[in-house]
Every structure is written in C-alpha cells, then in structure tokens.
Amino acid sequence: MVRAERWATVVYLAICLVLLVVWLSLPHDGPATDRSTMSEAEFRAGWRAMAGPDEGRTPVRVAGDDIYLLARQWTFAPDLVVAPNHRYRVHFLAEDVVHSAAIGGVELLLWPGKVETISLTTPGYGHLPLQCGEYCGLGHSRMSGSIEVAK
Amino acid sequence: MSATAERRGWALLAVGALAVAGVLALLLAVSRTPHAQDWLPWSPEFFYRALITHVVLSIEVWFLACLGLLSATVAGGGRSGPAGLALAVAGTLLLLVPAIADQGEPSLNNYLPVLQHPLFYAGLLLFAGGIGLACLRLLPLLFRPPSVVAFAVACTGGVYFAALACFAVAALMIPAGTGAALFHERLFWGGGHVLQILNTALLLVCWQVLGERQWGRGPLPAGLTRAVFLSLLAFAWAAPLLYGRAEPLGLEHRRAFTALLWFALPLPSLLMGGGVALHLARQGGNRRSPASLALGLSLLVFAIGGVAGFFLGLADTRTPSHYHAVIGGVNLGLMGLFVVVVLPLLGRPPSGGKAAALQFHFYGWGQLVHALGFFLAGAAGVPRKSLGLDQGLDSLGKMAAMGVVGLGGGIAVIGGVIFVWGALRRLLTREAGDGPR
Ligand SMILES: [Cu+2]
C-alpha cells in the first residue's frame, strides 16, 4: 500500500511538471490576423460612405466588400445588415478607450486610433455575434454589435 | 498579544468582513429581483459602490483573513503576526470609507474591482501588506513542516506571495497613461488568477483539516496531499514568470492566465475532491456532524461550479454562475473550519444540534439555487454584472430566472447570517482565558 502511494505521488508530480512546462511554453504570440495598413483617415472616409447621410442612425445595408465599425463606450456603430455567405473585410476603429472585437471566433484588441482588419465569411442566415471582450468601463458587459444576415 | 488573542483577532476580522458584506449582499439580491428595484431609493452609482465593496470584503478580506488565521494557528507566536493583523484591520477599515461616503469612480474590472479613491487604494495596500507580514512566518514551514496541515498552509502562504509578485510586476510594466479601465483590468488580471489558486488551496486545507476531524485522516495519503499543495505552489510561482513572455496589456497575457487555471486547478481539485467523496461514501454513523455536512456540501457546490466553468468566457450571467458556486464551495469549507475547529480552539464551541446544521443547509442549497438561476438567466441571454435597468428582462423566462437568482441569494444569505451571527456572538463574548489584548 505504502509503495502504491509513493508511486501515485511520483506520477502526480510528473504530470504536474509536464503541465507546468506546457503552460509556460504555450505559444504566447497573438492570433494570426491580417495586419491592417489602413489609416484612421481612410477608415473614417470609408465609414462615412458606408453609413450614409444619416450617419448610421438606422441600420445600414452594406453594399461593397468592406465593413467599417466604430467601437466606442459602449456600442459598435452602426447596426448592419450584410449579405449571406459573403466574404467581407471588416475594419474596426476604437474612438475613445481600448476595446476589443470578438467576432467569428477570433478577438482583436482595438487601440484608439489604430485600425484593425479581419476577413470573414458571413453565415447563411441569422445574426453574426460581435462583442467587446476587454473591460472598457461600467457598460462593458452590454457592449455588443448588431450584424444581421439577410438577402 | 498572545497567540490566542491574535487568532481571535483574525477570526473577528474575517467574520466581521462577512457581516458587512452580508448587509450589502442583501441589498444587491433584492435589487436583482424583478420589480423590487422600483421602490429602492439609491442611485445606480451607490449600487456599484456597494457591489464592489461587497466583493472585496466577502472575497478578498474574508479569504485572506482566514489565511492570516491559519498562519497564526500553524505558526503562532512572534511579532509579525499581530503587526500584520493590525495592518490588515486598518486597511479594511480604510477601504470601507469611500462606499460609506458614496465617493470614488467605480470600476467593475475582473477579480479585484475598485473604487477609484485614494483611501480605497491605501486600504488595499495596507491590507495586502498585513497579510504578507502574517504569512512571512509560514515560509520556514515549507522546509520543516510539523504536519501535513502546516505544510498545506505554508504552501497557501507561498501562493499569496506569488499573487503579490504578479501585482507588483504588472504595476511596474503597465505604461503610464493607460486608461483607467484597462489599467485596473490588467493590473489585477495575473495576480487575480493566482488568488483563485489560493482560494482553491484554502478549500483543500479545509478538506484536510475537516477530514482529519471526521475520519482521523485527510482525504488523500499524506505524501500525495503534500504533492497536491506543492503543485499549487509551483503553478502560482510560474505565473510571475509569464510577464516576461507576454506583456500585461496584450491579448496573449489575458489568455495565458485563463489557461493557467485550466492547467493548475482541475487535477488537485479532482484528486482531493475524489478523496472526500470516497471517505464520505464509506464513513459510518456520524453523517450529520458539522464536519461531514461542511465536507459534503462544499464538495457538491464547488464541483457544480467547476462544471459551470466550461461555459466561461460568455458575456452573460453564466460566468457569475461559475464564480458564485466555486466561491460558495470555498465558503462552506471555511464555515466548517470555523464551526468545527476555530471556535472550539478559541474556547468558544458553538452550540451543536440543528442550528449548526441549518447554516450549512441554507447556505449550501441557497448557493446552488442562486448559481442555477444565474446559469438559466445566462442561457436565456441576460448580460452579466448589470443592474435591473439594463438587464433587458424582456421575456418571462429571463424574469423567472432572475427571480430564482434572488430566491437562491436570499436563502444563502439566511445561512450566511446564521453563521456570521453565531460566530460573531461567540467571538465577541470575553472568555476568562483570553488574556490581555
Ligand atoms: Cu468592453
């Protein structure tokens, strides 16, 4: 019995050592996202063109292949209607503080003034979930975007 | 100050923090119940302040004062303990001031939410320093432990220093000019995760102590138990190393610490929990003893919280479902520690019988219902950490689920009140053997 206990202890410690080494050597570099080269001015021009004359106060139907979303406390603007099964380049710009965009299974940290871009294909129907994943103030927990997929 | 007086001081700080936190929790539970918010007079800001102070008192102060109490129990005597206690008490009093004065910008960042007020920060620093001072005397026990429990407590103290190291490194590395929200989130992110290792270690210490009382031995063989605590200490001290590989403002940093808990906690919890379950299943007549109840219910609530952990990362109330249940499990273990060991050790044994059992039942089952309600509400789409006004309770299902949250919270509070009331009453009566304070 004592022998079995000693073995159990050794095996346990060995497993923990492996886990520890694996954790410390996990790839700590970021996810492979497209590094955006877009300037803030280009983004703003694109956003204005997409949002239209009422500046995105009503949901915007996206015409081209580019989507522009402004992140600010505590919303993503504007609300969007996008085409199903379509490949888009989604550009994000944080206006006030650091936010993040969790969309399509990846997350981008959004630093104010720096445009981040990701390519994604929309699903056939329904909603494309978009959430802020970085604590950005008291309203953070309800900071989500509205992207509806419709023909 | 005698060792007994110091232990009594830590016990009073721990339970006193719970008493104040409990008053705040009652207000919060009521405010989360549908329609109750209509007749509550306070401003939304005060609720955030109450919530933050409640979290800091009921989690940080309560758990770490229990660590101070354990340190005084396995390594009493000397001057550092009473000095640490004095600092911790002063710090706790200071960090209460902003909430009472309804001041300070609230920040609901993860792990250690803060009120942005100089007195709050000063209170946190004093408190953290006091616990550190008390834990210093534990370090020699790592090398020459007189018992399994002493080694376990020493490892828990070592975990605390790893958390302090993380906070310090983060404070040094985060650039000046970082926005308040991100600053607080990342300042407390790494060390906050290490504190979760500490909370788990505290529960495992309780299981060990209660097991020795109930069955005459711990849940696991002694050697394996030491290995379990050693592994928690090792994982905790791996955490500060990460700061060199993933800078604290990055996304990678955030992910690595989430992963840390998945690597560090399941195996020790499963082993010790499995041991507890086996002993409980095999034990004889005294199933209704406080030790047995505390062991069984803390295991059940903690295990359910662990399972809910698989739904973490969702920005709805399923995250607090995990958090509340896991913390509730640790609380049940510590309640057992107080009732079975701490109070009798201080010459103040609690009255046995049904009253002793009730506190565990109310608190344990209440926490389960509370967590279940949060889980259902989250599945129905209620966002986490929001007040009644922005909960978006637009469907009957969501409202029912949040009603269950309030109901469970209320039941748990009854159990907590019985515990706090009983413990405080016994701690505050002066006994002949107390000696000069
Ligand atoms: Cu956010």
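What is the site of the copper ion, with its four donor atoms, in terms of geometry? The site is irregular, with angles of 85 to 127 degrees among the four donors. Four donors count as tetrahedral if all angles lie between 85 and 135 degrees; four count as square planar and six as octahedral if opposite donors are over 155 degrees apart and all others between 65 and 115; anything else is irregular.

The model is predicted: local features need pLDDT of at least 70, side-chain atom pairs count only at pLDDT 80 or more, and totals for chains, interfaces and linings use all residues. Residues are numbered from 1 along each chain as its sequence is written, chains are lettered from A and ligands numbered from 1 in the order in which they are written, and side-chain values use heavy atoms, without hydrogens and water.

The copper ion is held by Cys132(A) through SG, Glu134(A) through O, Cys136(A) through SG and His140(A) through ND1. The distances are 2.0 to 2.5 Å. Donors are N, O and S atoms within 2.8 Å of the metal (3.2 Å for Na, K and Ca); water is not among the atoms, so sites may look incomplete. Along the chain, the donors follow the spacing C-x1-E-x1-C-x3-H. Glu134(A) is buried, at a relative accessible area of 0%. Cys136(A) is also buried, at 0%. Buried means under 20% relative accessible area, exposed over 50%, and partly exposed in between (1.4 Å probe, protein chains only).

Chain A also holds an open sheet of four strands, with mixed pairing and the order 1-4-12-9. Strand 1 (60-61) and strand 9 (126-127) stand at the edges. Each has a single partner strand, so one side of each is left without a neighbour in the sheet. Strand 4 (residues 80-82) and strand 12 (residues 147-149) run parallel and are joined by three bridges. Val82(A) stands opposite Val149(A) in strand 12. Two strands pair if DSSP finds at least two bridges between them. Helices (H or I, at least four residues) and strands (E, at least two) are DSSP runs, numbered from the N terminus.

Helix 1 (residues 2-24) of chain A has 23 residues. From first C-alpha to last, helix 1 reaches 33 Å, close to the 33 Å expected at 1.5 Å a residue. The expected span is 1.5 Å times one less than the number of residues. The buried residues of helix 1 are Thr9(A), Tyr12(A), Cys16(A), Leu20(A) and Trp23(A). They pack against helix 7 (222-242), helix 8 (251-264) and helix 9 (266-282) of chain B.

Leu267(B) lies in helix 9 of chain B. This residue is partly exposed, at 25% relative accessibility. Beyond its neighbours within four places in sequence, Leu267(B) is in contact (heavy atoms within 4.5 Å) with Tyr12(A), Ile15(A), Cys16(A) and Leu19(A). Leu267(B) and Ser231(B) are 36 residues apart in sequence, and their C-alpha atoms are 9.8 Å apart in space.

His279(B) also lies in helix 9 of chain B. His279(B) is buried, with a relative accessible area of 12%. Its side chain reaches the backbone oxygen of Gly275(B) at 2.9 Å. Leaving aside neighbours within four places in sequence, His279(B) is in contact with Trp215(B), Arg217(B), Gly218(B) and Pro219(B).

Arg348(B) sits in the loop between helix 11 (318-345) and helix 12 (353-380) of chain B. At 3% relative accessibility, Arg348(B) is buried.

Technical notes:
A polar contact is a pair of N or O atoms within 3.5 Å; within protein, one must be able to donate a hydrogen and the other to accept it, and residues adjacent in sequence count only if both atoms are side-chain atoms.
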